[in-house]
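Try each task before you read its solution.

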Amino acid sequence: MKKSIVIVHLWLLATGVKAQHQGHSMPSKRDSTTNRTTTMPTDSGKKMKMSEMDHSQMDHSKMNHGEMDHSSHQGMSMSHLYSRNLPMNRNGSGTAWHPDQTPMYAYMKHSNSKWMYMLHYSVFLRHTNQNFNNRDGKGRDQRFDAPNWFMGMAQRNVGQRGLLSFKAMVSLDPFTVGDEGYPLLFQSGESYKGRPLVDRQHQHDLFSELSVGYSYSFSSKADAFVYVGLPGEPALGPPAFMHRISSFNNPDSPLGHHWMDATHITFGVATAGFRYGIAKLEASSFTGREPDEKRLGFDKPRFDSYSYRLSINPTSSLALQVSQGLIRNPEPLHPGDVRRTTASVLHSVSIDGSADQYVTSALVWGQNIHDGRAENAYLAETSLQVGRLALYGRYENIMKSPEELGIGDENDQSLPRQVNVDNLTLGLNYRIVRHMNTDLVAGAQLTAGMPDRFLQALYGRMPLSGQVYVRVTPATLRTR
């Protein structure tokens with residue numbers, strides 16, 4: 001009953017927020033050298049003030065923002081959170097980059113106080129059924145739950161070259177998912193009541209990000225920034241899965257989450273970075289210990305780990321990154337450091353210039369080295385949006401120790417050193433209604449697991465898992 005009440009409240013919140021970006025007007029731009037209002041020629045030969053332009057008809061995703069100097073634009077449009085010279089579409093989780101053509105599902109508001117605000121969220125209400133074709137198979141479980149997250153952002157220009165940004169992300173998972181997380185076959189990572197979570201995805205913390213950032217523009221091609229979060233996300237890995245649009249339709253976390261982007265909720269992060277042209281180099285100091293099972297509070301910041309990342313966006317449709325970090329004692333039940341290395345290619349392109357027609361994809365590799373062994377995880381995912389219909393898929397290959405899946409312990413010499421799992425998920429959803437710039441979609445997906453022979457004896461030859469869901473999000477933010 002409590003979950004139902006929370007879900008109703010989430011729906012009322014979603015439908016009660018009105019997007020204020022569409023058709024917003026832009027304030028007049030003043031030339032910093034002449035203090036004169038800039039005007040733009042129209043097709044009829046007349047001149048038009050910037051404040052009279054319909055900014056909602058401009059396509060930012062196809063502009064060459066690397067060559068544009070936005071540093072003197074006082075309130076034209078929301079920019080990237082950590083650069084006045086980059087488009088907002090490049091915002092990923094933490095300080096990570098998306099391709100510039102990445103669609104955004106959000107509400108945006110410009111205020112008279114020069115602040116700009118944006119709200120993203122995603123709320124699933126679903127029924128999931130894991131390993132339903134193996135009656136006695138390991139990990140068999142089913143339940144109703146509601147994975148969700150909400151992220152708000154605010155920014156304003158500071159002087160002629162500075163940019164101040166704030167970001168807050170919360171999740172009601174502790175109330176709508178449960179203490180032990182949700183069932184997810186072959187998943188592992190984190191713990192509850194002193195026991196590792198196996199075949200389950202842990203819930204996310206109530207406070208998943210509270211961060212502040214400041215950037216300074218040296219020119220249209222160069223800027224530097226600092227970012228501090230408690231919690232926050234260090235410069236390690238691609239944008240977290242729930243913020244990648246290629247993963248947007250899938251309610252489940254990837255199995256390689258703890259190989260690729262699990263540091264997206266870290267209690268204590270400090271990052272500094274520098275961008276020149278299409279490339280950005282950044283480094284972080286952060287807390288290695290993963291969040292504890294008390295999801296409603298804050299953990300102690302330690303700043304005992306470090307990472308660095310190189311990001312390159314060669315075109316408006318591509319985002320590449322390679323990163324590495326040393327994570328100190330991430331798992332209390334398995335003491336020891338982890339050396340994590342990741343690389344990814346993200347691709348996103350609109351179809352026929354429509355906000356509701358696009359294809360977006362991701363290729364991600366992650367590797368953890370610990371206890372003298374290396375474990376790799378590979379992911380390929382894609383999502384095709386054609387009007388109201390979305391078709392999506394995810395393929396994963398991952399290596400884990402038997403102990404991570406709750407099989408024996410590390411001292412059992414009769415067990416294989418590593419086991420292998422391949423997972424393929426295919427799904428679709430359809431937008432039922434769009435009201436007040438809010439979308440309600442209904443969908444379903446099916447996952448086929450292909451474990452190695454050792455795991456087949458426990459899980460079954462090809463365990464199948466499925467789910468049906470409805471989802472509430474903002475509509476696509478129309479910047480055209």
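**Charges over rings**

Arg126 lies over the face of Tyr182, at 4.4 Å from the ring centre. The model is predicted: local features need pLDDT of at least 70, side-chain atom pairs count only at pLDDT 80 or more, and totals for chains, interfaces and linings use all residues. Residues are numbered from 1 along each chain as its sequence is written, and side-chain values use heavy atoms, with hydrogens and water left out.

**Exercise 1.** Find the ring under the charged end of Arg90.

Solution. Start with the rule: NZ of Lys or CZ of Arg must be within 6 Å of the ring centre and within 35 degrees of the ring normal. The charged end of Arg90 sits over the ring of Trp97, 4.5 Å from its centre.

**Exercise 2.** Classify the pair Tyr121 and Phe150.

Solution. Rings of Phe, Tyr and Trp (its six-membered ring) pair if their centres lie within 6.5 Å; planes under 30 degrees apart are stacked, over 60 edge-to-face, the rest tilted. The whole structure has 12 aromatic pairs. For Tyr121 and Phe150, the centres are 5.6 Å apart and the planes at 25 degrees, so this pair is stacked. Both Tyr121 and Phe150 are buried (under 20% relative accessible area; exposed is over 50%, partly exposed in between; 1.4 Å probe, protein chains only).
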